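The following note sets out points for a colleague who has the coordinates to hand. Please read each point beside the structure.

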Amino acid sequence: MTATRDTDSASASASPRSAEATEPAQATEPVKATEPAEPDPARVPLRRLAPLAAQHVLAMIAAPVSTVFLVAGTLKMPPGATASLLSAVLLLCGAGALLQSLGVWRIGGRLPFVMLPGGAATALFLQIAQEHGAPTATGAVLLAAALLLSVLPLYARVVRLFPPLVMGVTVLLIGIAMIRVAARLITGPDGTGEPRAVLLAALTVAATVAAYVFLRGVWRQTSVLIGMATGTVVAVTTGLGTFGPAVGSGFALPDLLPFGSPRFDLVAALPLLVFSLTTLAEITGQTVLNSETVGRTPAPERDVPRVARADALVSMVGGLFGTSLMVTSAENIGIGRLTGVRSRFVTAGAGVLLIGLGLATPVSRALAGIPEAVVGGSSLVVYAVIAVMGVEMLRRADLSGTGTGSLTAALALTAGLLPLLTPDLYAGFPAWARTILGSGVVAGTLTAVLLTALLRPLRRHREHDEDEDADVGKGDH
């Protein structure tokens with residue numbers, strides 16, 4: 001099971017879809033492009049293009065659906081607004097897939113990518129919305145997308161700030177924080193859950209796990225969607241919940257600025273600003289992996305800024321329609337590896353299908369009626385997977401007892417968990433300090449970045465002394 005790049009990510013980016021085939025690659029050092037313009041992959045006949053494109057849609061559709069319901073449930077949005085937000089997300093997913101697959105000028109990697117609402121980014125969006133209001137969260141998305149665009153000329157320097165250790169801490173803290181948010185969809189704001197809501201969520205989780213364990217191929221990759229469908233059927237047939245689709249039919253465009261005019265607050269936006277920088281490391285890994293999958297020599301220095309520009313521009317448009325940051329998806333790389341189909345025109349076809357789904361309001365309005373407890377159960381699975389992804393990233397870091405990695409990870413996780421375990425710890429601090437220290441993700445990530453930068457020279461100095469001692473020892477013999 002994996003999530004979208006959350007650092008989405010996840011894609012979340014996020015759902016338990018194809019971890020074994022698409023484990024995120026570590027960020028690599030930028031290299032000079034050794035080949036000219038991108039090679040044009042083999043075109044796929046139209047009779048094969050449609051089913052292959054539909055397969056990509058099935059593999060990623062659970063992420064936008066579950067993400068929208070998590071946002072709508074947390075912010076108590078009415079069914080009509082939920083349907084509009086889902087339409088916007090599907091349209092943006094489709095437009096992002098077209099932009100990444102086909103490319104325009106230096107925007108888009110011209111690789112078989114699709115785009116999703118980032119799971120980790122959504123978590124931070126909700127945190128800002130709950131603490132400072134949805135208009136401030138919208139402003140934070142626009143600021144984060146603008147920051148990502150502005151740092152791309154410094155890509156080679158910025159990406160070094162976020163090695164696997166820092167990324168692992170960030171993703172693990174996001175997963176833990178969002179498990180708490182998902183639980184509130186089941187229990188309600190007061191934290192006291194009704195037995196029927198808890199039971200319905202548990203049955204949804206069980207159905208998701210069963211689909212993942214017993215199904216294969218693309219059906220296994222849609223296990224979150226299958227779990228939500230099963231939970232909804234159980235809710236309606238047993239009375240554990242109700243299914244109430246929003247009113248409406250035909251085709252329509254989503255609402256612009258559903259939360260009102262954006263409010264720009266740099267301090268409140270800090271969680272998403274920090275996260276937007278960390279995405280550069282994940283974009284690097286995914287771009288290298290996707291290039292290798294299609295048989296193209298990886299050239300991060302050329303391709304990563306193109307992929308990041310598309311992410312940032314689609315995210316800016318998404319902010320105007322109420323979404324969080326949009327990110328490229330890793331699990332679709334796994335589909336390319338499994339099927340052997342390397343054409344970017346297949347993911348472009350998936351983009352066209354997603355745009356059609358986004359314009360078809362009956363689809364989004366029907367999906368908007370899924371019970372909150374079902375969404376909560378599915379979200380528990382999704383964000384638990386994000387937490388495990390963080391653990392996997394930490395495993396790729398040097399956490400041996402002789403190095404400084406274990407100490408850095410321990411202190412960073414402590415800084416990140418303190419606000420979650422003791423929410424009133426910084427109650428007496430100024431507002432700007434509460435925003436920074438009170439966000440577990442920001443506090444943990446900044447601690448990891450600072451300790452990595454401060455302790456790295458000490459580690460190198462110690463390793464140099466050890467090498468000299470070893471040379472002296474050899475000379476004595």
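1. Loop between α3 and β1, Trp 105. The model under review is a predicted one. Trp 105 is placed in the loop that runs between α3 (79-102) and β1 (115-117). The phi angle of Trp 105 is near 55°, which is a positive value in a residue other than glycine. Trp 105 counts as exposed because its relative accessibility is 65%, and the cut-off for that class is over 50%.

2. Loop between α3 and β1, Arg 110. Arg 110 also belongs to the loop between α3 and β1. Although Arg 110 is not a glycine, its phi is positive, at about 50°. The relative accessible area of Arg 110 is 28%, so this residue is classed as partly exposed.

3. Overall composition. The secondary structure of the protein amounts to 19 helices and two strands. The protein has 477 residues, and 56% of them are buried.

4. The largest pocket. What is the volume of the largest pocket? The computed value is about 790 Å³. The lining comprises 31 residues, and those closest to the centre of the pocket are Gln 127, Gln 130, Glu 131, Arg 180 and Val 181.

5. Six helices are named here as each supplying at least two residues of the lining of the largest pocket: α2 (62-74), α4 (119-132), α7 (164-187), α17 (405-421), α18 (431-437) and α19 (440-476). The most is given by α7, with eight residues. By residue class, the lining divides into 16 nonpolar, 10 polar and five charged residues.

6. Thr 204 in helix α8. Is Thr 204 buried or exposed? Thr 204 counts as buried because its relative accessibility is 0%. The residue is found in helix α8, which covers residues 195-214. Leaving aside residues up to four places away in sequence, Thr 204 touches Gly 227, Met 228, Gly 231, Val 374, Gly 377 and Ser 378.

7. Aromatic pair Phe 125 and Phe 259. A pair of aromatic rings is described by the distance of the centres and the angle of the planes. The count of aromatic pairs comes to two. In the pair of Phe 125 and Phe 259, the ring centres are 6.4 Å apart and the planes lie at 45°, so the pair is tilted. This pair links distant parts of the chain, with Phe 125 in helix α4 and Phe 259 in the loop between α10 (223-238) and α11 (270-293), 134 residues apart. Phe 125 and Phe 259 are both buried.

8. Aromatic pair Tyr 426 and Phe 429. How far apart are the ring centres of Tyr 426 and Phe 429, and at what angle do their planes lie? The centres are 5.4 Å apart and the planes are at 85°, so the pair is edge-to-face. Tyr 426 counts as buried because its relative accessibility is 16%, whereas Phe 429, at 39%, counts as partly exposed.

Technical notes: Residues numbered from 1 in each chain as written. Predicted model: local features only at pLDDT ≥ 70, side-chain atom pairs only at ≥ 80, totals over all residues. Heavy atoms only, no water. Helix = DSSP H or I, 4+ residues; strand = E, 2+ residues; numbered from the N terminus. Buried < 20%, exposed > 50% of the residue type's maximum accessible area, 1.4 Å probe, protein only. 1 Å grid on protein atoms, 1.4 Å probe; cavity = no way out; pocket = protein on both sides within 12 Å on 5 of 7 lines; lining within 4 Å. Points joined across faces, edges and corners; volume = space filled by probe spheres on them. Nonpolar A, V, L, I, M, F, W, Y, C, P; charged D, E, K, R; others polar. Contact = heavy atoms within 4.5 Å. Phe/Tyr/Trp six-rings, centres within 6.5 Å; stacked < 30°, edge-to-face > 60°.
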